[in-house]
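Me: I'd like to go through this structure with you, a few spots at a time. Could you keep the answers in plain sentences?

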Amino acid sequence: MTVLSEQEFLVLNGAHLKKMATAKEVASAIGLDVEQVEVALGEAVASGLVMAAEGRHLLLPEGTNAVQEYYRSAYEALRSNDLVLGWYDRFEIINEQFIKQVSEWQSADGDARVQSRLIKTVERLTKNLQELTPLISRYETYTDRFNASVARIDQGDKDFVCKPTIDSVHNIWFEFHEDILSVIGRPRDT
């Protein structure tokens with residue numbers, strides 16, 4: 001079993017959450033320099049943890065296992081922490097609202113009123129994330145990414161609502177949901 005350092009985890013977890021990503025996309029998602037991420041991904045490719053194809057990176061099964069083992073080891077205490085588990089229960093309610101609002105926004109062809117409600121839900125999540133950042137400091141990058149995407153939406157770029165190929169609020173939300181589930185040790189379908 002490969003044991004990851006904190007920086008190796010950050011990089012491989014970024015690739016894990018983004019699925020097939022460039023070093024630049026991973027660096028942007030986790031808040032590290034591209035050069036640092038390129039070195040870490042290159043070492044992971046050499047170790048058989050990651051596959052590289054056409055500038056994109058995908059975790060191989062051993063890489064995924066190493067990332068999940070890091071989650072188990074680093075966040076074991078949080079898996080029985082009442083504050084974290086209570087926070088997650090409240091997140092599930094917000095998550096249902098967000099999913100419904102994204103569907104409504106898509107069905108209503110980007111209706112401004114639906115979009116406003118959706119953005120308020122994102123802002124509610126970023127505010128709530130402040131409760132977790134003392135325990136999981138890397139979650140500050142999610143707040144930064146949400147804020148940057150919301151700013152683009154406010155400037156009229158609706159692609160930042162849910163376009164799958166950019167850092168849209170929908171993509172960030174999906175990655176965050178995967179991340180918090182791994183922290184608390186729950187599968188996605190519960």
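Me: Is the crossing of α2 and α3 left-handed or right-handed?

Reply: In this model, which is predicted, helices α2 and α3 cross in a right-handed sense. Helix α2 covers residues 23-30 and helix α3 covers residues 34-46, and the two pack at an angle of about 120 degrees with their axes 8 Å apart.

Me: Which residues make that contact?

Reply: From α2 the contact takes in Ala23, Lys24, Val26, Ala27 and Ile30, while α3 contributes Val34, Val37, Glu38 and Leu41. Sorted by class, the contact of α2 with α3 has 7 nonpolar residues, 2 charged ones and no polar ones.

Me: Changing topic, how many salt bridges does the structure hold?

Reply: The structure holds 12 salt bridges. One of them pairs the side chains of glutamate 104 and arginine 117, with an N to O distance of 3.0 Å.

Me: And where do glutamate 104 and arginine 117 sit in the chain?

Reply: Glutamate 104 belongs to helix α5 (residues 82-107) and arginine 117 to helix α6 (residues 112-129), so the pair, 13 residues apart, is described as linking distant parts of the chain. Glutamate 104 is partly exposed, with a relative accessible area of 27%, and arginine 117 also counts as partly exposed, at 40% relative accessibility.

Me: What about glutamate 175 and arginine 145, how do their side chains meet?

Reply: The side chains of glutamate 175 and arginine 145 meet in a salt bridge with an N to O distance of 2.8 Å. This pair links distant parts of the chain as well, with glutamate 175 in helix α9 and arginine 145 in helix α7 (residues 140-154), 30 residues apart.

Me: Is glutamate 175 buried or exposed? And arginine 145, buried or exposed?

Reply: Glutamate 175 counts as buried because its relative accessibility is 5%, which falls under the 20% cut-off. Arginine 145, at 6% relative accessibility, counts as buried too.

Me: Let's take one more pair: what is the N to O distance between aspartate 157 and arginine 152?

Reply: The side chains of aspartate 157 and arginine 152 meet in a salt bridge at 3.3 Å, N to O. Aspartate 157 counts as partly exposed at 24% relative accessibility, and arginine 152 counts as partly exposed at 36%.

Me: Why does histidine 177 count as buried?

Reply: Histidine 177 is buried because its relative accessible area is 5%, and the cut-off for buried is under 20%.

Me: Now the backbone: what is phi of lysine 19?

Reply: Phi of lysine 19 is near 70 degrees, a positive value in a residue other than glycine. Lysine 19 is placed in the loop between α1 (6-18) and α2, where it is partly exposed with a relative accessible area of 40%.

Me: And what about phi of aspartate 109?

Reply: Phi of aspartate 109 is near 55 degrees, again a positive value in a residue other than glycine. Aspartate 109 is found in the loop between α5 and α6, and at 72% relative accessibility it counts as exposed.

Me: Last stop, α6. Is glutamine 115 buried or exposed, and what does glutamine 115 touch?

Reply: Glutamine 115, which is found in helix α6, is buried with a relative accessible area of 12%. Not counting residues up to four places away in sequence, glutamine 115 touches Trp105, Gly110, Ile153, Lys158 and Val161.

Me: How about lysine 120, buried or exposed?

Reply: Lysine 120 also lies in helix α6, but lysine 120 is exposed, with a relative accessible area of 55%. The C-alpha atoms of lysine 120 and phenylalanine 98 are separated by 9.6 Å, with the two residues 22 apart along the chain.

Terms used:
Residues are numbered from 1 along each chain as its sequence is written. This is a predicted model: local features need pLDDT of at least 70, side-chain atom pairs count only at pLDDT 80 or more; totals for chains, interfaces and linings use all residues. Side-chain values use heavy atoms; hydrogens and water are left out. Buried means under 20% relative accessible area, exposed over 50%, partly exposed in between (1.4 Å probe, protein chains only). Axes are lines fitted to C-alpha atoms, for helices over the stretch in contact, and angles run from 0 to 180 degrees between N-to-C directions. Helices (H or I, at least four residues) and strands (E, at least two) are DSSP runs, numbered from the N terminus. A crossing is left-handed if the near helix is turned anticlockwise from the far one by less than a right angle, and right-handed if clockwise. Contact means heavy atoms within 4.5 Å. Ala, Val, Leu, Ile, Met, Phe, Trp, Tyr, Cys and Pro count as nonpolar, Asp, Glu, Lys and Arg as charged, and the others, Gly among them, as polar. A salt bridge is a side-chain nitrogen of Lys or Arg within 4 Å of a carboxyl oxygen of Asp or Glu.
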